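Visitor: I would like to go through this model and ask what stands behind the words used for it. Please set each value against its cut-off.

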Amino acid sequence: MKRTSAGLLVLLALFAAGGGYLLDQLLTAGGRATFTPSLLLPVLLLLIAAAALGVSWPVRRSVRSGIRIDPFRALRAATLARASSLVGALMAGFGAGLLVFLLSRPIDPPVGSTVAMLALIGSAVVLVIAALIAEQFCTLPKDPDDSEPRELSPEPGRGH
């Protein structure tokens, strides 16, 4: 399993930012209020970040100590970390798109909406960082024979 690339995260964030901006544009064109995410969403994203770090910590400890760990547990930790980074990038971009739309309007945006967008963006960035750290925890140390570090989960088609 390859590590999550920064280019993919940036691309997802840009795509989601366009979607957030377009959603608010369509809502206001239809005479509706702009979309404001719940303040519980940032809390949920922070809980996911903590879960990703919590699940991957035993894997890191196992790699450092040399004690064998269940490979399925390690795979679940790596998968959760990767999925969390992708969701974090999407949420950060979506919140940024909503915020750009609000700030581009001729009237001042409500403080509650702005705070909700900033909280969403901030917690999503924390989720991406935590997920990338958790993914790093799931990386095996480099062997002297290898030219690049190995991942805990085998690549498809490699017959491990």
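Visitor: Which residues is T36 in contact with, leaving aside its neighbours within four places in sequence?
Guide: In this predicted model, T36 is in contact with S113, A116 and M117 once those neighbours are left aside. Contact here requires heavy atoms within 4.5 Å. T36 itself sits in the loop between α1 and α2.

Visitor: What separates T36 and T114 in sequence and in space?
Guide: They are 78 residues apart in sequence, and their C-alpha atoms are 8.7 Å apart.

Visitor: Why does T36 count as partly exposed?
Guide: Its relative accessibility is 33%. Buried would need a value under 20% and exposed one over 50%, so T36 at 33% counts as partly exposed.

Visitor: What makes P42 buried?
Guide: P42 has a relative accessible area of 7%. The limit for buried is under 20%, so P42 at 7% is buried. P42 is part of helix α2 and touches A119, L120 and S123, not counting residues up to four places away in sequence.

Visitor: Why is S85 called buried?
Guide: The relative accessible area of S85 is 0%. Since buried means under 20%, S85 at 0% is buried. S85 lies in helix α3. Beyond neighbours within four places in sequence, S85 is in contact with T4, L9, V128, A131 and L132.

Visitor: Why are α2 and α3 called roughly antiparallel?
Guide: Their axes cross at roughly 155° and come within 9 Å. Angles over 145 degrees count as roughly antiparallel, and α2 and α3 are therefore roughly antiparallel to each other. The crossing is left-handed. Residues of α2 including L41, L45, I48 and V59 belong to the set that meets a set in α3, among them R73, L80 and M91.

Visitor: What makes α3 roughly antiparallel to α4?
Guide: The axes of α3 and α4 cross at roughly 155° and come within 8 Å. That angle makes α3 roughly antiparallel to α4, because the limit is over 145 degrees. α3 passes α4 in a left-handed crossing.

Visitor: How do you know that the span of helix α1 agrees with its number of residues?
Guide: Helix α1 covers residues 6–29, which is 24 residues, and at 1.5 Å a residue these should span 34 Å. The expected span uses one less than the number of residues. The end C-alpha atoms of α1 are 34 Å apart, so the two values agree.

Visitor: Which residues of α1 are buried, and what do they pack against?
Guide: The buried residues of α1 are L9, A16, A17, G20, D24 and L27. They pack against α3 (71–104) and α4 (111–137). Just after α1, G31 takes a positive phi of about 85°.

Visitor: How many helices and strands does the chain have?
Guide: There are four helices and zero strands, in the order α-α-α-α from the N terminus on.

Visitor: What can be said of the chain as a whole?
Guide: Of its 160 residues, 33% count as buried. The chain exposes about 9500 Å², and carbon and sulfur atoms supply 68% of that area. Among contacts with a separation of 6 or more, 77% are between residues 24 or more positions apart.

Technical notes:
Residues numbered from 1 in each chain as written. Predicted model: local features only at pLDDT ≥ 70, side-chain atom pairs only at ≥ 80, totals over all residues. Heavy atoms only, no water. Helix = DSSP H or I, 4+ residues; strand = E, 2+ residues; numbered from the N terminus. Buried < 20%, exposed > 50% of the residue type's maximum accessible area, 1.4 Å probe, protein only. Areas by Shrake-Rupley, 256 points an atom, 1.4 Å probe, with all protein chains shown as cover. Axes fitted to C-alpha atoms, helices over the stretch in contact; angles between N-to-C directions. Parallel < 35°, antiparallel > 145°, perpendicular 65-115°, else oblique. Left-handed = near helix turned anticlockwise from the far one by under 90°.
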